[in-house]
Amino acid sequence: MVGRVKYSKGNKVPTIKEVAALAGVAPGTVSNVLTGRKLVAEPLKKAVLEAVAELDYRPNHLASSLRFGKTLSIGVVVPDLTNPFFLERRAPARDPGGGGWVPDAAHEQP
């Protein structure tokens, strides 16, 4: 590990800045390692991945969507959530990145 830094404790989740400080790199380098968009030298990549593991850092996709103004989500409206036709089609639509099926039953008719 490149250096030690005081980082989040308790219920606060670690930030990309804390990962960068612990790894001794810039936050952009952490982003590049995690997204794979740009090549990063192997020693820096190793330091970032060690810091990510040590802090148990997980990217916040909601925060990212707010920052960049896009969610990469698709909304689907169906007339009846109890109909097997619709239930069978929801499984393939699940997001492997942690999203999922969010039913809204608030608008059911009596």
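The model is a predicted one, in which local features need pLDDT of at least 70 and side-chain atom pairs count only at pLDDT 80 or more, while totals for chains, interfaces and linings use all residues. Residues are numbered from 1 along each chain as its sequence is written, and side-chain values use heavy atoms, with hydrogens and water left out.

The secondary structure comes to 5 helices and 0 strands, giving the pattern α-α-α-α-α along the sequence. Helices (H or I, at least four residues) and strands (E, at least two) are DSSP runs numbered from the N terminus. Contact here means heavy atoms within 4.5 Å. Of the contacts in the protein with a separation of 6 or more, 38% are between residues 24 or more positions apart.

Two packed helices are described by the angle between their axes and the distance between the axes. The axes are lines fitted to C-alpha atoms, for helices over the stretch in contact, and angles run from 0 to 180 degrees between N-to-C directions. Helix α1 (residues 16-23) packs with helix α2 (residues 27-35) at an angle of about 100°, and their axes are 8 Å apart. That angle makes α1 roughly perpendicular to α2, on a scale where under 35 degrees counts as roughly parallel, over 145 as roughly antiparallel, 65 to 115 as roughly perpendicular and the rest as oblique. On the α1 side, I16, K17, V19 and A20 meet P27, V30 and S31 of α2. These residues divide into 5 nonpolar, 1 polar and 1 charged. For this grouping, Ala, Val, Leu, Ile, Met, Phe, Trp, Tyr, Cys and Pro count as nonpolar, Asp, Glu, Lys and Arg as charged, and the others, Gly among them, as polar.

The contact joins E18, V19, L22 and A23 of α1 to A47, V48, A51, V52, E54 and L55 of α3. By class, the contact of α1 with α3 has 8 nonpolar, no polar and 2 charged residues.

Helices α2 and α3 also meet. Their axes come within 10 Å and cross at roughly 85°, so α2 and α3 are roughly perpendicular to each other. Here T29, V30, V33 and L34 of α2 make the contact with K45, V48, L49 and V52 of α3. The classes in this contact are 6 nonpolar, 1 polar and 1 charged.

Of its 13 residues, V19, A23, V25, V30, V48, A51 and V52 touch the most other members. Leaving aside neighbours within four places in sequence, V30 is in contact with I16, V19, A20, V25 and V48.

Within α1, the buried residues are E18, V19, A20, L22 and A23, and they pack against α2 and α3. A20 is buried at 1% relative accessibility. Beyond neighbours within four places in sequence, A20 is in contact with V25, A26, P27 and V30. A20 and V52, 32 residues apart in sequence, lie 9.0 Å apart in space, C-alpha to C-alpha. E18, also in helix α1, counts as buried at 15% relative accessibility. The C-alpha atoms of E18 and Y57 are separated by 9.2 Å, although these residues are 39 apart along the chain.

Two backbone details complete the picture. Just after α1, G24 takes a positive phi of about 75°. D56, in the loop between α3 and α4 (61-68), has a phi near 55°, a positive value in a residue other than glycine. D56 is partly exposed, with a relative accessible area of 46%; this class falls between buried and exposed, the latter being over 50%.

Note on methods. A nonpolar core is a set of buried Ala, Val, Leu, Ile, Met, Phe, Trp, Tyr and Cys residues joined through side-chain atoms within 4.5 Å. Buried means under 20% relative accessible area, exposed over 50%, partly exposed in between (1.4 Å probe, protein chains only).
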